[in-house]
Amino acid sequence: MRALLRSVWDEPRAPDPPRRVWRDWALVGVLVPLAVLEGVVRPDLPWRAVSVAVTLGLVPTLLWRRTRPLLMIVIVFGTTNVAPLFTGGEAPETYTLAYLLCVVYALFRWGSGREAVIGTLVMLASIAIALATHRMASGDAVGALAVMCAATALGGTFRYRTTARMRELDQVKLLEREQLARDLHDTVAHHVSAMAIRAQAGLATSASRPGAATEALQVIEAEAARALDEMRAMVRVLRRDRPADLAPGRRVTDLHELADPGGNGPSVDVEMAGDLDDVPPSVGAAIYRLAQESVTNALRHARNATHVQVRVTADDTTVRLRVHDDGDTGLIRPSGSPGYGLIGMIERADLLGGACVAGPDPEGGWTVEATLPRKGSAA
């Protein structure tokens with residue numbers, strides 16, 4: 001139990017809380033005239049002027065409820081407990097004050113653990129004071145607690161869902177970085193092997209060909225420069241908490257393995273054009289993984305699809321991938337946030353200085369397009 005309480009107390013604030021967005025100003029713009037209107041037309045409103053003044057005075061707490069949640073809780077419950085001193089012990093109760101539940105929700109959605117604990121104590125103390133001064137009946141206190149618990153649970157639920165999604169996104173990124181670690185291993189092994197072979201050749205022929213050593217050094221210099229360029233593009237994104245699996249990575253030439261004549265499902269055709277022979281291992285592996293994920297998504301989600309086309313083209317500066325299926329556009333992907341597969345594809349392309357987009361094709365079906373710099377890093 002002590003460990004649980006300590007973990008709650010040490011819980012940090014939710015990251016990147018929105019400050020004052022247009023929805024907040026719109027809410028304030030609606031609540032202010034609504035409070036005034038209630039003060040004018042409601043016949044049973046006690047202490048009309050004080051009640052409306054308190055309601056209007058607490059509206060600005062909505063603008064700081066995410067960035068200063070505990071302070072707003074103290075202001076709200078402090079004001080509602082001080083106001084009865086000016087109304088003969090009767091609490092100002094306007095229907096519009098229901099917006100204060102947004103402040104309670106924000107405390108548990110955006111506040112730290114210690115802010116949530118202190119805020120809860122403030123709210124319980126407020127109810128206790130209301131009971132002690134007979135401003136609130138026991139039945140009303142139970143109802144108030146139930147409403148506050150509902151707002152608390154809602155804030156905690158959305159906080160938990162957001163945190164869980166962020167962790168899953170981090171896991172997707174870590175998996176992409178692990179694959180890049182394999183690609184880095186392939187890159188280093190390829191270039192270092194080429195340099196070693198060229199150096200041995202230069203040494204073997206240096207006696208009969210004096211210029212062989214110079215040629216070997218030129219080749220070694222070029223290979224070393226390419227290796228450094230590719231390593232710089234990947235080393236900043238590698239996992240550092242444990243060794244990566246060094247099994248050989250995929251290359252562009254492996255794309256033919258994705259080809260499938262069809263059978264019971266859509267046929268998959270692979271077409272490659274341009275100079276793909278000396279594509280760096282990091283780019284080749286990325287193109288393969290992007291194509292593999294796109295084809296897998298098409299086979300799983302493209303309803304009524306009969307054909308999936310994979311096309312890779314390359315020129316002197318870029319390598320482009322296009323995967324298109326002819327499935328029903330409206331049923332291919334679920335609406336809402338992108339899935340983790342697509343997020344991983346975007347992450348992989350971005351880490352190599354490229355871009356990846358996916359969506360319904362104007363001519364029908366679903367298309368994934370990726371563009372990567374040929375050298376594997378942004379220009």
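# Reading contacts, helix packing and burial

Q: Which residues in H4 meet which residues in H5?
A: From H4, Pro 69, Leu 70, Met 72, Ile 73, Val 76 and Phe 77 take part. Their partners in H5 are Val 103, Val 104, Ala 106 and Leu 107. Keep in mind that the model is predicted.

Q: How many of the residues in the contact of H4 with H5 are nonpolar, polar or charged?
A: Sort the residues by class, then count each class. In the contact of H4 with H5, ten residues are nonpolar, with no polar and no charged residues.

Q: At what angle do the axes of H4 and H5 cross?
A: Helix H4 covers residues 69-82 and helix H5 covers residues 101-110. Their axes cross at roughly 150° and come within 9 Å. An angle over 145 degrees counts as roughly antiparallel, so H4 is roughly antiparallel to H5.

Q: Is the crossing of H4 and H5 left-handed or right-handed?
A: H4 passes H5 in a left-handed crossing.

Q: What is the angle between H2 and H3?
A: The reading works as before. Helix H2 (residues 22-41) packs with helix H3 (residues 48-58) at an angle of about 170°. The axes of H2 and H3 are 10 Å apart. H2 and H3 are therefore roughly antiparallel to each other.

Q: Which residues of H2 and H3 meet, and how do they divide by class?
A: On the H2 side are Val 32, Ala 35, Val 36, Glu 38, Gly 39 and Val 40. On the H3 side are Arg 48, Val 52, Thr 55 and Leu 56. The contact of H2 with H3 has six nonpolar, two polar and two charged residues.

Q: Is Ser 126 buried or exposed?
A: Buried means under 20% relative accessible area. Ser 126 has a relative accessible area of 9%, so it is buried. Ser 126 belongs to helix H6, residues 113-132. Apart from neighbours within four places in sequence, Ser 126 is in contact with Phe 77 and Asn 81. Phe 77 is also one of the H4 residues that meet H5.

Q: Where does Arg 250 lie, and which residues does it touch?
A: Arg 250 lies in the loop between helix H8 (212-235) and strand E1 (267-274). Not counting residues up to four places away in sequence, Arg 250 touches Glu 257, Pro 281, Gly 284, Ala 285, Tyr 288 and Arg 289. Arg 250 counts as partly exposed, because its relative accessibility is 28%.

Q: Where are His 134 and Asn 304 found?
A: His 134 is in the loop between H6 and helix H7 (138-205). Asn 304 is in the loop between helix H9 (281-301) and strand E2 (307-314). His 134 counts as exposed, because its relative accessibility is 72%. Asn 304 is exposed, with a relative accessible area of 60%.

Q: How many helices and strands does the protein have, and what percentage of its residues is buried?
A: The protein has eleven helices and five strands. Of its 379 residues, 39% are buried. The protein exposes about 21000 Å², and carbon and sulfur atoms supply 61% of that area. Among contacts with a separation of 6 or more, 74% are between residues 24 or more positions apart.

Terms used
Residues are numbered from 1 along each chain as its sequence is written. This is a predicted model: local features need pLDDT of at least 70, side-chain atom pairs count only at pLDDT 80 or more; totals for chains, interfaces and linings use all residues. Side-chain values use heavy atoms; hydrogens and water are left out. Axes are lines fitted to C-alpha atoms, for helices over the stretch in contact, and angles run from 0 to 180 degrees between N-to-C directions. Helices (H or I, at least four residues) and strands (E, at least two) are DSSP runs, numbered from the N terminus. Angles under 35 degrees count as roughly parallel, over 145 as roughly antiparallel, 65 to 115 as roughly perpendicular and the rest as oblique. A crossing is left-handed if the near helix is turned anticlockwise from the far one by less than a right angle, and right-handed if clockwise. Contact means heavy atoms within 4.5 Å. Ala, Val, Leu, Ile, Met, Phe, Trp, Tyr, Cys and Pro count as nonpolar, Asp, Glu, Lys and Arg as charged, and the others, Gly among them, as polar. Buried means under 20% relative accessible area, exposed over 50%, partly exposed in between (1.4 Å probe, protein chains only). Accessible areas come from the Shrake-Rupley method with a 1.4 Å probe; for residues, only the protein chains shown count as cover.
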